[in-house]
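Dear colleague,

Please find the structure below, with the sequence alongside.

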Amino acid sequence: MSEGMEQPEMEESDHKEISVAEFFEKNRHLLGFENPQKSIITVTKEAVDNSLDACEGDEILPEIHVLIDEIGDEKCRIEIRDNAIGLDRETIPKVFGKLLYGSKFHKLQQSRGQQGIGISASAMYAQLTTGEPVTVWSKQEGEPCHKFVVRIDTEKNEPEIIEDEVVGEDSDEFPGGKDYYFDHGTTIEMNIEAKYTGGHHSVKNYLKHTAIMNPYARIVLREPDGNKIEYPRVSKDLPQKPKEIKPHPHGVELGIMMRMIEGSSARTVSSFLQNEFTRVGRTSADDICEEAGIDSDRRPNTLDKDEIETLLKAAQNVKLQSPPKDCLSPIGEELIEKGLQKELNPDMIFAETRKPKVYKGNPFQVEVGLAWGGDIEEEGSFDELRFANKVPLLYKKSSCVTTKAVEEVSWNRYNVSQTGDRPQGPLYILVHIASVWVPFTSEGKEAVANYEDIRKEMKLALQEVGRKLGRELKRQERREIQEKKKRQLTSYAKEMGPAIVELAGEGSPEEIEEKIQAMVHADYNPEQL
């Protein structure tokens, strides 16, 4: 700064605390609201994910309706209805009118949503782009249906209730009337800036992928032109319900450990380790304390930052059992095969569900499926179906670990032609990661980070199904060669008959031709000669 020039003072009034809602209002692209085409997919995704989680949580076979109407230039009205257990009156405005309000963020168990941002961010996007609130109907079994019209006060990140009333199933207030009325469930309606399109990045394709990974759900889409598409349920078997687990010491960072100690009511370090973590028993807790050089009977709240860091490093150095895997809910090979069959109708399907593994203390499980031939187009490269906790990932394919794993496999070893690192042919490759905490590359949850442990598991699973496909393609190739030889012999049988009769001096051309045909078709018995 030049001599004599004074730096302007920053007044206290220039500083302002902002809420999380206000932050994401100004940075909506971080949550997937980048443009009208992508935004309609994001809104659909967040609502459908919530519906599927709610249904599975209460072991209800999901029934989901998505209805879209165009209401102006790049504006759409979208309604999503489900048959889940419904929400109580006090919860409804908070779920749809407050960001970071949810039941899953602090739970270590597999679920589609985690952050409590998705559906409330969609509501925020609606009021930001159209200036209109969202309308929610929710009904619990045996209870009246509650209707709310809600806005988000972005400065306070609090719901602003515009309407709150009870409506009956015969009321004109209920959307769709009896045609879409469930005895229990939730419906959300909002007007948003959106562009309904076809192709890979479309609501239709997103729901198709969702139907593949969730074949126990019935999903209905009504497009703006009135066209109705149904993705039918082909299984009544729900995946195993995941259980909540405590954090594992190998997956905890220093700041979290400090916060856990601050909020703990444990009287000793040993009891703190046993009560707050999974796979830490009395013996393991004592081993950790001994490794750290800390008295196991000491009160946790007397530890300073350096001692907590030493304790954490000791916990990560001591050999512990891996965290329990019942917090995961893989879809399983049978349901993968059913999902691929009903939506793609291929000739061959192979699936593989790997055993659970752990990355940074977090359990995860990889599943893959291959679909080949049939109604799948012959031309060009393969198509990739990427999923995280049963949710389709349509964007940022090149930066996703699933794509990296596919590219590391030598597909030509499995009789699949390959150009560069991409397999060619009538092939769909499905890759699914199930985890208590999926390491997404961004808040938009569009791609999974390229962790070596995850990529390795995906590659091993792909190689296993690749071997199955390769063996079947080899058998198919041999069958085709045999069929070709049969056709050649069959075509020559009539000409060979007279020549064989002349050489043998007995029989008739017709008899010889019949025997050749029988031999070609494996019905020939040498004793007949």
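Gly-293, whose phi is positive, near 70 degrees, follows helix 8 (helices are DSSP runs of H or I, at least four residues, numbered from the N terminus). This is a predicted model, in which local features need pLDDT of at least 70 and side-chain atom pairs count only at pLDDT 80 or more, while totals for chains, interfaces and linings use all residues. Residues are numbered from 1 along each chain as its sequence is written, and side-chain values use heavy atoms, without hydrogens and water.

Helix 8 spans residues 282-292, and its buried residues are Ser-284, Ala-285, Ile-288, Cys-289 and Ala-292 (buried: under 20% relative accessible area; exposed: over 50%; 1.4 Å probe, protein chains only). They lie on the same side of helix 8 because they cover an arc of only 135 degrees around the axis, taken from the directions from the helix axis to the C-beta atoms. These buried residues pack against helix 7 (269-276) and helix 9 (305-317). The face turned away from the buried side carries the exposed residues Arg-282, Thr-283 and Glu-290.

The largest nonpolar core has 45 residues, and Ile-40, Ile-68, Ile-192, Leu-207 and Leu-221 have the most contacts inside it (a core joins buried Ala, Val, Leu, Ile, Met, Phe, Trp, Tyr and Cys residues through side-chain atoms within 4.5 Å). Another core, of 33 residues, lies apart from it and includes Phe-350, Val-368, Val-401 and Val-416.

The mean pLDDT of the chain is 84, and 84% of its residues reach 70 or more (pLDDT is the predictor's confidence in each residue, from 0 to 100).

Yours sincerely

Key
Helices (H or I, at least four residues) and strands (E, at least two) are DSSP runs, numbered from the N terminus. Contact means heavy atoms within 4.5 Å.
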